[in-house]
Amino acid sequence: MATIDLDKVLDKAWADKPLTEVLAAPVAALKGVSDRDGELLKEAFGITSVADLADLKYVRWAQALAALEAAK
């Protein structure tokens, strides 16, 4: 089972929210992602939530490539 320290990846306002709320949250809920970053992601890729970002095919492709490299 995967685990993650939510305090390290989420803005303080989101760290104690249920996962379903976090996934529906704007990408600015992620630590280090600004509202402006969220606007740019929406403009470029139609991303409006954390779940949208996670499901973005380019993110999945990049993760797959990194996993292949790590498996060498």
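Helices (H or I, at least four residues) are DSSP runs, numbered from the N terminus. In this predicted model, local features need pLDDT of at least 70 and side-chain atom pairs count only at pLDDT 80 or more, while totals for chains, interfaces and linings use all residues. Residues are numbered from 1 along each chain as its sequence is written, and side-chain values use heavy atoms, with hydrogens and water left out.

**Aromatic pairs**

- Two aromatic pairs turn up in a search of the whole structure; rings of Phe, Tyr and Trp (its six-membered ring) pair if their centres lie within 6.5 Å, and planes under 30 degrees apart count as stacked, over 60 as edge-to-face and the rest as tilted.
- Phe45 and Tyr58 make a tilted pair, 5.6 Å centre to centre with 50° between the planes.
- Phe45 belongs to helix H3 (residues 35-45) and Tyr58 to helix H5 (residues 57-70), so this pair ties together parts 13 residues apart in sequence.
- Tyr58 and Trp61 make an edge-to-face pair, 5.2 Å centre to centre with 90° between the planes.
- Both Tyr58 and Trp61 lie in helix H5, three residues apart, about one turn of the helix.
- Phe45, Tyr58 and Trp61 are linked into a cluster by ring pairs.

**Accessibility**

- Phe45 is partly exposed at 42% relative accessible area, and Tyr58 is partly exposed at 41% (buried is under 20%, exposed over 50%, partly exposed in between, with a 1.4 Å probe and protein chains only).

Note on methods. Helix = DSSP H or I, 4+ residues; strand = E, 2+ residues; numbered from the N terminus.
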